[in-house]
Amino acid sequence: QQTTLTIATVNNGDMIRMQKLTGDFTTKHPDIRLQWVTLEENILRQRVTTDIATKGGQYDVVTIGNYEVPIWAKQNWLLPLDGLPEDYDADDLLPAVRRGLSVEDTLYAAPFYAESAMVMYRKDLAEKAGVTISESPTWGEIFTAARAMTDKSAEIYGICLRGKAGWGENMAFLSAMANSYGASWFDMDWKPQFDQPEWHDTLTDYVTIMAEAGPPGASTNGFNENLALFQQGKCGIWIDATVAASFVTDPGESQVADQVGFARFPNKEGVDNHGNWLWSWNLGIPASTTKAEAAKEFVAWATSKGYTELVAAQEGWRAAPPGTRTSLYDNPEYEKDAPFAKLTLASIDGVNTDQSSVKETPYTGGQFVSIPEFQAIGTAVGQQFAATVAGQVKPEQALTSAQQLTTREMTRAGYIK
Amino acid sequence: MGAITLKNVRKTFGETEVIPGVDLTIEDGEFVVFVGPSGCGKSTLLRLIAGLEDVTSGQILIDGRDVTGEAPARRGLAMVFQSYALYPHMSVRRNIAFPLKMAGMPQAEQEKRVARAADILNLGPYLDRRPGQLSGGQRQRVAIGRAIVREPSAFLFDEPLSNLDAALRVNMRVEISELHNNLKTTMVYVTHDQVEAMTMADKIVVLRAGRIEQVGSPLELYHKPVNQFVAGFIGSPNMNFLGGATAARRGAHVIGIRPEDWVISRTEGRVKGKVTVAEHLGSDTYLHITLEDGNHIVARSPGEFPVTVGEELFLTGAEGRIYKFDEQGLAV
Amino acid sequence: MGAITLKNVRKTFGETEVIPGVDLTIEDGEFVVFVGPSGCGKSTLLRLIAGLEDVTSGQILIDGRDVTGEAPARRGLAMVFQSYALYPHMSVRRNIAFPLKMAGMPQAEQEKRVARAADILNLGPYLDRRPGQLSGGQRQRVAIGRAIVREPSAFLFDEPLSNLDAALRVNMRVEISELHNNLKTTMVYVTHDQVEAMTMADKIVVLRAGRIEQVGSPLELYHKPVNQFVAGFIGSPNMNFLGGATAARRGAHVIGIRPEDWVISRTEGRVKGKVTVAEHLGSDTYLHITLEDGNHIVARSPGEFPVTVGEELFLTGAEGRIYKFDEQGLAV
Amino acid sequence: MATLHQRSLARLMVAPSVVLLFLWMIVPLGMTLWFSFQRYNLLMPGMEEFTGLGNYRYFLSDPGFWISLQNTLIMVGGILAITVIGGIAIAILIDQPIFGQGYVRILVIAPFFVMPTVSALVWKNMFMNPVNGLLGQVSRAFGAQPVDWLSQYPLFSIIVIVSWQWLPFATLIFLTSLQSLDSEQVEAAEMDGAGIWARFTNLTLPHMGRAITVVILIETIFLLSVFAEILVTTNGGPGYQTTTLTYLVYTQALLQFDVGGASAGGIIAVILANIVAFFLMRMIGKTLD
Amino acid sequence: MARKVTNTRKWIFTCLAWGVALLIFFPILWTILTSFKTEGDAVATPPKFLFFDWTLANYREVQARSDYFSHFMNSVIIALGSTALGLVVAIPAAWAMAFQPGKQTKNVLMWMLSTKMMPAVGVLIPIYILFQRMGLLDSRTGVLIVLMLMNLPIIIWMLYTYFREIPGEILEASRMDGASLWNEIRYVLTPMAIPGIASTMLLNIILAWNEAFWTLNLTTSRAAPLTTFIASYSSPEGLFYAKLSAASTMAIAPILIMGWFSQKQLVRGLTFGAVK
Ligand SMILES: Nc1ncnc2c1ncn2[C@@H]1O[C@H](COP(=O)(O)OP(=O)(O)OP(=O)(O)O)[C@@H](O)[C@H]1O
Ligand SMILES: Nc1ncnc2c1ncn2[C@@H]1O[C@H](COP(=O)(O)OP(=O)(O)OP(=O)(O)O)[C@@H](O)[C@H]1O
Ligand SMILES: [Mg+2]
Ligand SMILES: [Mg+2]
C-alpha cells in the first residue's frame, strides 16, 4: 500500500536540491512515493492559496513563507506539527524563526531554511575605489561606497537593490530599509504611514542611489536578477537575503566567489534598527490532506538535522540549508566552509518581528505586515515604487498614491473604521 | 416501373410562392423534359420530386404510392446534378458503388453492378481514377453511372450537360438518349437548352413562373404552341413576332413566323426589309432584317445567301406556318 | 489605328514550347478571331500581344512600332477577360473610369467618357451598382465598357462570352459585332465557339498546337479548308469524313461531306444507311446514320424529315461539296 | 435547401455545442454574478455577506481602473495595428517570387507555436534585459546606452512581445487571401495602367478586407485576455503602466483573493468585452456571407 | 502572369524576405542556441553566436529536475484529447450551420464566439470550486474538457467557414444515394473536408498546447502539462538563461516540429472564410 505525497515547492536552489536528495527519504520509507510540483514563487503562492482556501486538497505538503504560516494557522488551514519524532529536536530551531511559525506556542510549519538580509560587497572593488565597509555599516557609508565603486562604462554598478514590484520583491527590501529609517507601515489605528517623513527619506534615498549607482533595468530586477548580476561581477554592493551568500561564494556559479565581503543590514545614523528582515521557507501540511501521517514523516525528514548532514555529505557544508538550526551554527565545519555563517546567524538573531519598527505598530512581521491583505497592498505599493525607480513617477507622487491605495484597501478590509 | 404523379403540388420559400400549384403525370418509361426561363421553378420541381425539398402542400405519387413525406433515398429515384456532385475523395468505382454500399448490398453484387454500369458507360479504364483526374464528359458519365447502378424507378437530371463544352454536349446528349432507349426507365430532365429539349424529350413541360404552360411532344410544341410564350420559347432562333397592321390583316393580335419559315426573295414578297446584319455560317445564313414597318426580324436561309448589309430583300411567311395569337397571347 | 504585326513570335514556358513561331498581320480595323482546340495557344498568343507575357523571341509591332518590351498599359490595347475581371468592390462607374483615373485624366473628362460608354452599352441604370449585383450579361458589358473608355487602338477578347448562357450569348455576339461596326477598331477575339467565329470574324486564324493552320475569311475557311484539320474544325455539326473505298473511288485518301451537304432520299442515292437516331428540332432534322460500310455519319435535313429509327435511307453527297484530302490530310 | 426532417436533424446536431457552451458560459457567469454581490475573500472565510453593489463601487473606484481600460485599448489597438500592417507587408513580401519560399514561410510561422509564457520569458530575459539581454548588448556594442525596455517603455514592450506572437497568424491569413486574388483582375488592372501602388490600394487592399476583419476579430478575442505575458514580464507595472483590465481582475482574484471584487471586475470585463464584441460582430457579420 | 522576373529583382526580394524571416525567427533560434551553452557563455559579452562549447548539460539538468516526459505526455493527451473531443462536438454543429442555415445561425455563431471573450481570471475561483466539488482537479479529463470548451467556438467557426465551401449538391447526392445523416457526415462530408478539419485540428492542438492559464491553475502534478513545467523555470536563483532556454526549447520543440511538418495543412485551411 503506497501513499503518494504531492509536495508543492518553490523553484529555489535549496528546494531543488532537496528534490534530488529524496532517494534517502524513499529508501527509509518505501511505502511513500513523492510527487513534486515545482513552481515559480508567485505562481506557487497563488496555486497553494487558492487550493487551501477552497479546500481543494491537492497538496499534502506545501512550501510556504513565514508570512502565511500564522495567518493560515489561525484559519485552521494547517495541521499543527505536534508529535514530531524524538530526534527532531524542535528546540534546536532558531528562536526567532520558531517564533514566527508558532501560534500560541504550537508549531504549524517546519522551517526549511531561513534568511535575514545583509550586505554583500566586492572587496576588490571597494579596495580599488578606496572605500571600506564596516561590519555594521550605516546607509551613508553604503551610499558613499556605492558611488565610489560605480563605473558604468565598465558595466560595474555600485549598488544592486531590488526594484521589481512585489510584496516579496522590492517591498521586502524597502520595508526593511524603511524600518531601519524609523518608518512603519501603520500606526496603531492602522493608518498608513506613507505620508510620514521617514518614508519620504527612505524612498528618496533609494531612488537617488539607484539612479546614480544602480544597474539599468533596476525596476525589473528582483532577487534572481540581482544575484545573476552580482555573480557576473557587475555589482559592487548587493543588499539582500542572507541565503544569497552561499550562491555568491559558490565558485561553480559565481565569478567573484572569493572577493565577497559581508556586513550587516545597514542602519540609519541615529536609528538603531537593522531592518528586521526575516524570511523562512517552511514546510506545512494543509488541513485538507488525507495523508497527514506520511506528510509529517516527510516534513520531519526534510527539516531534520539529518537532512542537513545529508546535504553536507553530498555537496559540502556550504550548501546546507541555512538559518534554521542552532546546531548548524555551532558546527565548526560549517563555520569553516561558510564564511558568512556568523553574520547570517547574527542577522537572524537580531530580528524582532514583533517589533519591526522603532515606532509602535499593531502588526507583526519584519519586512512584511502579517495580515492577509498585505500581499495585494504590498504589491500595489511596490508597483508605485517600481515606477519611481523606472523614473516614471516622482517619489512624492508615489508615496501619495501608496498612501491613498493603502487607505482604500484597509478601509475596505475593515481595519480603518 | 416509374410513373410519377404530382397532385396540386405547391411550394413556397418563406413568403414567396415558387410553385403555385402543379398537376402533372409522368408515365412510366417516359423521357420528360422541363424547360422554362431561368428562375421559373424547374429545379425546385425536380427537387420536390426527389424529396430534397418538402412540398408545402399537395401530393407526390410514385407508381401510385404516396411518397410525399418520404426521405429522398426511399423514393427509389436517382438524381444527376448539374455540378456532377461526385465524391472527390472516392475513386470512380467507389463513387458508383456508393449508393449500393449505403443500401448494404454485398460486396460481390456491388462489384457486378458497378462493372455492368461501367460497361454501359464505357468507364472501364477509369474505374480507379479519382473524379479530379477525369474530363468533364467522363465525370458526367460517372454521375450517370452512380444513378444507373441503383436501378431506380426514375432518373432525375438537373441541367446535366450545361457544364460541358459544345462538342461534348452533343455527344453526351446522344448517349443519354441511347441510355433511355436501352433502359426504358422514366427520365425527368431539366434543361434550358432548346436542342436538348427538342431532341431528347418524349414530352416537354414548359414552365413559366412555377406554372405549367404546356405539356406535349416536342413537335406538338413546335407546331402547336398554345400561346405566344411557348411559341417564343420553343425553336431557335426565336420566333419573330409581328404586331400591328401586319397581324391585323390576318385577324390576329400578333402573328408569329419562325426564322426558318420565311421565303426570301430579291424580287418579290409580302414585306420588304433592309438587311442589318448577315451571319454566314456556311451551312446557313442568318439575316437580321429591319422591315419597313420598323419590326426587326431574323430569317434563316439554308446554305449560303450572298447578301450585303443594307441590301433590300422581300420576305414572305410560308403559308400554313404562320401562328396567330390573340390579345391574351393565346393561339387562335 | 491598330495594325498588329507578329514577327516570328515564339513562346516557351520553361521547357515546353507553346508557340513555336507565329507570323501574323492584323490590319487596322479588322475583326480577327483565333480558334483552335483547347490548349492550342490561343490565350497565350493574345496575352503575348497584350504584353501580359513576355515573348521568348520574335517581335510584336503595333502600328509599326516595336512594343515587344513594353509594359501592357503602354501598348494602347484594351483587354476583356473571360472572367470579366471586374473590380468587385468598385461601382460600375468606378470600374469603367478606373483606366482613365490611372491615366490621370481630369474628373470631368472621365465622367464624360464613362457616360458615353454607358450610353453605347446601355449601362446607364446600373452605374452605381457593384458588379456582384449585375447579371452575367451586364457584367460582360461593364468589362467591355472598361475597355472602350480608353479608346484603345485595338481590343483583345479572350472567350468573352463563354460564361454566359446560350440566349445571352447570341445577344452579346450581335452587340459586339455592332460595336465593331460602330467603332471600327481592330478587335482580336479568342473563342472556341463555331458560330461566334463564323459570324463575327472578318478573318479567322485557325491554330493547332501553337501553329497557324490557316488564315482567311469565314467562308473561305468553310469552303476551302487547306487541310482536314481545318475542314473538321470549321462547321457544325462537324464534317463527316469517309475513308477507304468510298474515298479511293474519288481519288482521295479521305473525303469529307458536311451534314448539310447530303442529299437524302428514300429511293435512291449513292450510299445506303440505317438511321440510328433522329433528332427533330422542328427547324431541322439531324439524322445519325450508320452506312453499309460501317461509317457513322450525320446528315441534316431542313425542316422536318419524318423518319423512324431503323429505317433505311439513301444518301448522296452534293456535287461540288465534296472535300478531298490526301494522306497528309492536305486538301487536294 | 432542406426538408423539415433535415432541419430538425440540424437542430439536434447544433444542440450539444450550444448546450455545452451555454453551460460553460452561464454556470461560471452565474456564480460570478452571485459572488459579485457578496463580500467574499478567500483568505477570510466565514465573513461572507451580501454587499449589494459594494464590490462594483470598489472595483470601479480602483485608481487603476481607468488606466487599465486605457492600457487595454492601447495594447489591443497597438498589436492589431502592428500585426495587420506588418502581416500585410510580410505576406506581400513572401508572395513574391523568391528563392526558398517554403523555408521563409516556415521561419515566419514559428513564433505562433511558442507558448506565451515561454515567449515572455525569452523576450524579457534574453532580449529586453538591459544588462544581459541581447538588445542591450547590441546597443552597447554600438556605444549607446542600453534601453531598459520593460521599465522605460513597458506597454510598448508588451505590445512588441505579443505582436511577435501574433504576426505569423496575421501573415498566414493574409497570405492565403493574397493568393486567392484573381490573377485576371490583377492583369486587367495592369492593362488599365495601374502601377504597383495603385494596384495595391485599388485591388489588393479591398480584396483583403475580409481577411483583415477576420484577423482583427480573432486577434481581439485572444488579445483581450492577454495575461501571461504581463505577469511574467512586468507584473502590470511599473505603476499601472501595463495593468490591463484582465490583469486588474487578476490582482483582485489571485493576489487579494477578493473573490467578490474580482467577480465584480469580471462582470465589468465581460460587459466591456461584449461591447467590443458587438461592434466586431457587426463588422464580421457582414463579411460572413 | 509569367512575365520575366528579372533576376536582380528576385534576389532583392529574396534577401529582404529572408532578412525579415530570420529576424522573426531569431528569438527562437537564439533560445535554442543558448540552451546548448553554459550559463557563463549564455550571458557572455559580446554574445557568442556559434562558437562556444556546445553542451547538453542544461538538458540533463532539466531532465533531472523535472519529469519532462510525464509533462510532455500530459500535454499530448490534453491537446489531442480536447481537440478530438472538440471536433466530435463541432463537426455536427458546423454541418448543421453550414448546410441547414436558419435565421438564427449567424447569431448563434456570433454568440458562440463571444463566449470566448469572457476573461478567464474572473471566473477562475468559481470554476475551481466547481472542479473541486466534482473531483476534477488535477485530472486530465477536467483540463481536457475546459480546453475543449475554450476552443469550441473557434473550432466550430473554422469548420463552418470550411464546410460552406463544399457544394451542398454533393451532400444532396449522397442523400439521394441513400446515405443516412451519419453516413453522409462520415463518408462524404468528413473526407471531403479533410484539409479543413486537419487545419482546424492543428490550430487547436497549438492553442491547447500553449494554453497556460487553465492548465496551470487546474492541475498540480498528475495532469500537469508542459506549461506548468515551464512555470518552474521562470526565475530560479542565479544564472538561469541556459537552463531556461533548455526548458523552453523542450516545451516548444514538439509543437514547433509538428507545426513545421504540417504547416501546409495548417495553412491550407486557416482562412476563417477570409478567402473569397
Ligand atoms: N432555398 C430557396 N429559398 C428561397 N428561394 C428559393 C430557394 N430556392 C429557389 N428559390 C427561388 O425559387 C425560384 C425558382 O428557382 P429554381 O432554382 O427552381 O429555378 P430554375 O427554373 O431551376 O432556374 P435556373 O434555370 O436558373 O436553374 C427562384 O426565384 C429562386 O430564387
Ligand atoms: N503559365 C504557364 N505555364 C506553363 N504552361 C502554360 C502556361 N500557360 C499556358 N500554358 C500551356 O500552354 C498551352 C497553351 O495554353 P493556352 O491557355 O494558350 O491555350 P488556349 O488555346 O487558350 O486553350 P483554351 O481554349 O483551353 O483556353 C497549354 O498547353 C497550357 O498548358
Ligand atoms: Mg435550376
Ligand atoms: Mg484560353
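**Exercise 1. Work out which polar atoms of chain B face the oxygen atoms of ligand 1, and which chains form the site.**

Step 1. Start with the backbone. A polar backbone atom of Gly41(B) is 3.0 Å from an oxygen atom of ligand 1. For Cys40(B), the backbone distance is 3.2 Å. Polar contacts are pairs of N or O atoms within 3.5 Å; within protein, one must be able to donate a hydrogen and the other to accept it, and residues adjacent in sequence count only if both atoms are side-chain atoms.

Step 2. Turn to the side chain. Ser38(B) places a side-chain N or O atom 2.6 Å from an oxygen atom of ligand 1.

Step 3. List the surroundings. Eleven residues surround ligand 1, counting those with a heavy atom within 4 Å. The closest are Ser38(B), Gly39(B), Lys42(B), Ser43(B) and Thr44(B).

Step 4. Assign the chains. The site is shared between chains, because residues from chains B and D surround ligand 1.

A note on the model. It is predicted: local features need pLDDT of at least 70, side-chain atom pairs count only at pLDDT 80 or more, and totals for chains, interfaces and linings use all residues. Residues are numbered from 1 along each chain as its sequence is written, chains are lettered from A and ligands numbered from 1 in the order in which they are written, and side-chain values use heavy atoms, with hydrogens and water left out.

**Exercise 2. Describe the interface of chain D and chain E.**

Step 1. Count residues. Chain D gives 97 residues and chain E gives 106, with contact meaning heavy atoms within 4.5 Å.

Step 2. Take the area. About 9300 Å² is buried, and carbon and sulfur atoms give 79% of it. Buried area is the accessible area (1.4 Å probe) that two parts lose on being put together, summed over both.

Step 3. Eight residue pairs are in polar contact (both at pLDDT 80 or more).

Step 4. Find the main element. On the chain D side, helix H1 (residues 4-36) gives the most, with 20 residues. Helices are DSSP runs (H or I, at least four residues), numbered from the N terminus.

**Exercise 3. Describe the interface of chain D and chain A.**

Step 1. Count residues. Chain D gives 37 and chain A gives 36.

Step 2. Take the area. About 3100 Å² is buried, with 51% from carbon and sulfur atoms.

Step 3. Look for salt bridges. There are three. In one of these, Glu225(A) pairs with Lys124(D), with the closest N and O atoms 3.7 Å apart.

Methods:
A salt bridge is a side-chain nitrogen of Lys or Arg within 4 Å of a carboxyl oxygen of Asp or Glu. Helices (H or I, at least four residues) and strands (E, at least two) are DSSP runs, numbered from the N terminus.
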